[in-house]
Protein chains: 2
Amino acid sequence: MCELLAMSANVPTDIVFSFTGLAERGGVTGPHVDGWGITFYEGKGSRTFKDACPSSESHIARLIKSYPIKSETVISHIRQANRGCVALENTHPFDRELWGLNWTYAHNGQLSDYKDKFAVRRFRPVGDTDSELAFCWILEKLVARFGDERPDDMLPVFAYVAELAEEIRALGVFNMILSEGNYLMCFCSNNLSHITRRAPFGKAKLIDTDVVIDFDKETTPNDVVTVIATRPLTDNEAWNIMQPGQWQLFCKGEVVGGGTFVANTDTCA
Amino acid sequence: MCELLAMSANVPTDIVFSFTGLAERGGVTGPHVDGWGITFYEGKGSRTFKDACPSSESHIARLIKSYPIKSETVISHIRQANRGCVALENTHPFDRELWGLNWTYAHNGQLSDYKDKFAVRRFRPVGDTDSELAFCWILEKLVARFGDERPDDMLPVFAYVAELAEEIRALGVFNMILSEGNYLMCFCSNNLSHITRRAPFGKAKLIDTDVVIDFDKETTPNDVVTVIATRPLTDNEAWNIMQPGQWQLFCKGEVVGGGTFVANTDTCA
């Protein structure tokens with residue numbers, strides 16, 4: 001299994017505090033030593049930092065913890081390998097361009113009997129994880145459904161991704177985070193939680209290392225920042241624990257869509 | 001204009017020495033202050049570090065100069081913006097997946113009247129540079145010529161890219177570097193040079209900053225390392241200055257293909 005972390009905010013925000021907690025799980029408080037990565041969107045552009053070595057020991061992770069990159073959308077992942085060896089090409093997040101947008105994706109879980117289902121042609125995996133192949137299949141299905149032109153309304157696109165994610169969940173565990181820069185989507189199979197911070201801001205204390213932050217000093221009253229993580233990162237705040245089959249779509253920190261699949265039926269789209 | 005740097009080696013090799021020289025041109029010895037990037041291939045995987053700020057001031061560039069990442073294929077670029085504003089999405093190298101391979105590309109030069117020529121559908125630019133659009137067009141043409149399956153023999157693929165590059169050269173200045181991880185191709189419009197270092201290794205002295213390296217102490221007798229740069233990076237070695245319309249293909253440091261277009265005729269393929 002792995003650990004996921006993501007952020008959606010209405011102002012460029014640094015994720016140093018949350019990443020510091022996550023990185024501890026890559027070798028100190030958690031066993032996820034098989035690589036890590038983080039993608040920052042800055043405007044239409046994005047950049048991904050990756051390392052196949054444990055995040056708690058990585059020079060590059062140290063840079064990310066000490067050099068605040070301001071971003072409105074972030075996706076991060078620390079890996080405990082199951083399918084696919086420990087190698088850079090198997091390190092999340094994965095990214096692909098579609099419709100002139102950089103899509104970024106990370107997965108926590110493990111799938112079985114998936115190779116026949118995930119027939120791909122245009123988008124192909126570079127590494128050999130179930131995760132990257134599932135991502136390629138999702139993009140393949142998006143093109144089949146929506147064509148080569150970027151849809152004006154992206155909400156139906158993410159609703160369709162949720163349907164595909166629910167199909168994938170039938171093959172195993174599929175906690176997933178996906179973004180094209182503007183929207184941030186998460187899909188819960190068994191372990192995903194989120195929190196939205198807004199004024200009045202308070203203090204937060206990391207579970208995994210002895211760090212406290214006073215968000216009131218770091219923010220302005222209009223800031224809205226949502227953080228998604230496999231497990232809550234702080235122990236003095238109320239995180240929303242997602243349900244199996246539940247998905248949420250965020251934009252600029254706010255919920256803009258979501259629902260829960262129960263026995264393959266979307267009950268509250 | 002911009003500056004290009006690339007490396008092809010038969011053993012994982014760090015590019016700290018050459019990158020140190022290049023990074024000086026991003027604000028100290030050169031005017032290329034509009035961002036920089038570097039892509040390292042490690043096995044089938046790759047990772048790109050990018051910054052929209054000058055390489056001479058960048059925290060991330062400092063990491064790259066101090067933390068040797070060993071790679072067999074590297075592409076780097078420092079930017080002086082002409083087409084497209086200073087932004088992460090306009091920062092080279094650009095990358096796309098095709099045939100399950102990560103393709104990485106960087107361009108030095110400027111094109112005119114290019115929009116009608118570069119009709120794209122499957123591969124679309126995220127930013128608004130002529131460079132990224134030309135890259136998307138090249139990939140579009142590769143799919144049109146070779147289909148969705150990866151060709152067993154990649155040499156005809158790169159020979160076709162050279163033909164496309166020669167077409168693009170008619171639109172302006174097109175110095176270009178391209179790789180899918182295994183092969184490294186460069187195409188010269190007006191400014192590109194390369195050097196292949198092999199035993200017996202000697203000392204090299206950077207032009208742009210006061211650094212000397214003794215490669216004999218850093219290498220083994222079997223190492224073959226080719227470096228490509230817009231302008232020679234050292235002043236005590238014999239660099240090969242490429243001709244307009246000339247292209248070279250390297251694999252594991254050795255030349256494996258190339259030729260020169262003269263009046264649109266390939267004279268020595």
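## Close-up views of a predicted two-chain model

**View 1. Strand β1 of chain A and its two partners.** In this predicted model, β1(A) and strand β4 (residues 71–78) of chain A are paired antiparallel through seven bridges. Within that pairing, A:Ser8 has A:Thr73 of β4(A) as its bridge partner.

**View 2. The seven-stranded sheet of chain B.** The strands of this open sheet in chain B follow the order β3-β2-β4-β1-β12-β9-β13, and their pairing is antiparallel. Its edges are formed by β3 (45–51) and β13 (240–241) of chain B, each of which pairs on one side only. Inside the sheet, strand β1 (residues 3–13) of chain B and strand β12 (residues 224–229) of chain B run antiparallel and share five bridges, with B:Ala9 standing opposite B:Val225 of β12(B).

View 3. Strand β5 (residues 94–98) of chain B is mostly covered, four of its five residues being buried, and β5(B) pairs with strand β6 (residues 101–108) of chain B in the antiparallel sense over five bridges. Across this pairing, B:Arg96 faces B:Trp103 of β6(B). Two residues lie between the strands of the hairpin, where B:Trp99 adopts a positive phi near 60°.

**View 4. An edge-to-face aromatic pair in chain A.** Over all chains, a search of the whole structure finds 26 aromatic pairs. In the pair shown here, the ring centres of A:Trp99 and A:Phe146 are 6.3 Å apart and the ring planes stand at 90°, so the arrangement is edge-to-face. Because A:Trp99 belongs to the loop between β5 (94–98) and β6 (101–108) of chain A, whereas A:Phe146 belongs to helix α3 (residues 130–146) of chain A, the pair ties together parts that are 47 residues apart in sequence. A:Trp99, with a relative accessibility of 5%, counts as buried, while A:Phe146, at 24% relative accessibility, counts as partly exposed. Ring pairs link A:Trp99 and A:Phe146 into a cluster with A:Trp103, A:Phe158, A:Tyr160 and A:Tyr183.

**View 5. A tilted aromatic pair in chain B.** B:Phe118 and B:Trp137 form a tilted aromatic pair, with a centre-to-centre distance of 5.1 Å and an angle of 50° between the planes. B:Phe118 is located in the loop between β6 and α3 (130–146) of chain B and B:Trp137 in helix α3 of chain B, so this pair ties together parts that are 19 residues apart in sequence. Both B:Phe118 and B:Trp137 are buried.

**View 6. Arginine over tyrosine in each chain.** In chain A, the charged end of A:Arg145 is placed over the ring of A:Tyr160, at 3.9 Å from the ring centre. In chain B, the charged end of B:Arg145 sits over the ring of B:Tyr160, at 3.8 Å from the ring centre.

**View 7. The surroundings of B:Asp130.** B:Asp130, which is found in helix α3 of chain B, has a relative accessible area of 1% and is therefore buried, the cut-off for that class being under 20%. When residues up to four places away in sequence are not counted, B:Asp130 touches B:Asn82, B:Arg83, B:His107, B:Gln110, B:Leu111 and B:Tyr114.

**View 8. Phenylalanines of the largest nonpolar core.** The largest nonpolar core holds 62 residues, of which A:Phe19, A:Phe49, B:Phe19 and B:Phe49 touch the most other members. With neighbours within four places in sequence left aside, the contacts of B:Phe19 are B:Leu5, B:Trp36, B:Ile38, B:Ala61, B:Ile64, B:Lys65 and B:Ser76.

**View 9. The relation between the two chains.** The same surface serves both copies, since 100% of the contact residues of chain A recur in chain B.

Terms used. Residues numbered from 1 in each chain as written. Chains lettered and ligands numbered in written order. Predicted model: local features only at pLDDT ≥ 70, side-chain atom pairs only at ≥ 80, totals over all residues. Heavy atoms only, no water. Buried < 20%, exposed > 50% of the residue type's maximum accessible area, 1.4 Å probe, protein only. Pairing = 2+ DSSP bridges. Phe/Tyr/Trp six-rings, centres within 6.5 Å; stacked < 30°, edge-to-face > 60°. Lys NZ or Arg CZ within 6 Å of the ring centre and 35° of its normal. Contact = heavy atoms within 4.5 Å. Core = buried A, V, L, I, M, F, W, Y, C linked by side-chain atoms within 4.5 Å.
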